[in-house]
Amino acid sequence: MGYWRGSSILLAWLLLLRPLPSPACPAVCRCSSGEADCSERALREVPRSLAANTSALWLDYNSITTLGPSSFPPLPGLLRLSLPHNRLAQIHSRALVGLGALQDLDLSNNYLTVLTLETFLPLTSLATLNLGSNRLRKLEPEVLLALPQLQAVLLQDNPWVCSCSILPLWLWLSHNREKVQEQSSLLCRVPEQLNKHPILDFGNESFRQCQETSLPSQHYIAFFVIGPFSFMASIFICTFMGSVTVIYHNLRRDPHFWRRSRIRSGC
C-alpha cells in the first residue's frame with residue numbers, strides 16, 4: 001500500500017512539473033511570443049490553426065488573392081496583421097469581423113481596386129492603415145471615417161484619377177494632413193496632363209467648377225425617372241383643361257349645346 005501511495009505522489013509531482021503545452025502553430029509558420037511569421041510560404045489562404053492568443057501575424061510575400069468571410073480563425077488579441085506583396089484583389093465585407101483589437105494593418109503592394117465602407121467597420125481600434133501600391137483609382141472617405149482611432153494612413157503609389165470624383169477624398173485629406181503619410185508620393189495618374197501632380201497641392205479653386213456644376217447621382221436618376229412622367233402628365237392635364245374650356249364656352253353661347261350633343265351621339 002505504501003508503495004502505491006508513494007508512486008501516486010511521484011506521478012502527481014511529475015504531472016505538475018510537466019511543461020504546459022505550447023499554443024498551436026501552423027507547420028508552415030514560425031511562432032514565438034504570440035507572433036506567427038508565415039511569410040514567403042506560397043500560401044493561398046490564411047492558416048487555420050493559429051493560436052487564439054496570436055498578437056501579430058505576418059503573411060508577407062504569399063499568393064493570397066481573396067479574404068473571405070471565414071478567412072481568419074478567432075483572433076481576439078491580434079494587434080498587427082501584415083499582408084503586403086500578395087495578390088489580394090478582394091476583401092469580403094465580413095472578412096475582418098472578430099479583429100476588433102487590431103491596431104496595425106498592412107495591405108500594401110496588392111491588387112485592390114475597390115474598398116467599401118463595410119470593409120473596415122469591425123476595426124474599431126485600428127491606428128495605422130497601409131494601402132500603398134495597390135490599384136485604387138478612387139476611395140470614398142467614408143471608408144476612412146469608419147476608423148475612429150485612425151492615426152496614420154498610407155495611400156501612395158496608386159493610380160488616382162484626379163477628376164471631380166476625387167473631390168470628397170481630397171477634402172478628407174486636406175482636413176487630416178497630420179494622418180497622411182508619404183504625402184509627396186500621393187500623386188495623380190489620370191488625366192495625362194495631371195500625371196504625377198501631388199493631390200494635396202490642389203486648392204479650393206481647382207475644384208470650383210466641380211462644386212458649381214456637379215449634382216449627386218441620385219438627382220440625375222430622379223430627372224430621368226420623373227421627367228418622362230411629368231411630361232406625359234402635363235400633356236394630359238393640358239388636353240383635359242382645354243376640353244373643359246371649350247365645352248364651357250359652348251354652353252355659355254348655346255344652352256342647348258349639351259342636349260344636341262347627346263342626341264347626335266345617340267344617347
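Keep in mind that the model is predicted. The largest pocket holds about 150 Å³ of space. Elsewhere, aspartate 60 is buried without a salt bridge, and the peptide bond from valine 190 to proline 191 is cis.

**The largest pocket**

- Rolling a probe the size of a water molecule over the atoms shows where empty space is left.
- In the largest pocket, that space comes to about 150 Å³.
- One part of the lining is made up of Thr113, Val114, Leu115, Thr116 and Leu117.
- The lining also includes Arg137, Lys138, Leu139, Glu140, Glu142 and Val143.
- Sorted by type, the lining residues come out as five nonpolar, two polar and four charged.

**Aspartate 60**

- You'll find aspartate 60 in the loop between strand 3 (56-58) and strand 4 (66-67).
- Aspartate 60 is buried but makes no salt bridge. A salt bridge would need a side-chain nitrogen of Lys or Arg within 4 Å of a carboxyl oxygen, and the nearest side chain of opposite charge, arginine 80, sits 7.3 Å away.
- What the side chain of aspartate 60 does have is a polar contact of 3.0 Å with the side chain of serine 82.

**Cysteine 31**

- Cysteine 31 belongs to strand 1 (residues 30-32).
- With a relative accessibility of 36%, cysteine 31 counts as partly exposed, because that label covers values between 20% and 50%.
- Leucine 50 is 19 residues from cysteine 31 along the chain, and their C-alpha atoms are 9.4 Å apart.

- Most residues other than glycine have a negative phi, and most peptide bonds are trans.
- Glutamate 40 lies in the loop between strand 2 (35-37) and strand 3, and its 59% relative accessibility makes it exposed.
- Alanine 42, also not a glycine, has a positive phi near 55°. Alanine 42 is found in the loop between strand 2 and strand 3. Its relative accessible area is 58%, so alanine 42 counts as exposed.
- The peptide bond running from valine 190 to proline 191 is cis, with omega near 0°. Proline 191 itself is in the loop between strand 12 (188-190) and helix 4 (208-213).

Conventions:
Residues numbered from 1 in each chain as written. Predicted model: local features only at pLDDT ≥ 70, side-chain atom pairs only at ≥ 80, totals over all residues. Heavy atoms only, no water. 1 Å grid on protein atoms, 1.4 Å probe; cavity = no way out; pocket = protein on both sides within 12 Å on 5 of 7 lines; lining within 4 Å. Points joined across faces, edges and corners; volume = space filled by probe spheres on them. Nonpolar A, V, L, I, M, F, W, Y, C, P; charged D, E, K, R; others polar. Helix = DSSP H or I, 4+ residues; strand = E, 2+ residues; numbered from the N terminus. Buried < 20%, exposed > 50% of the residue type's maximum accessible area, 1.4 Å probe, protein only. Lys, Arg positive; Asp, Glu negative; His and termini not counted. Polar contact = N/O pair within 3.5 Å; in protein donor to acceptor, adjacent residues only side chain to side chain.
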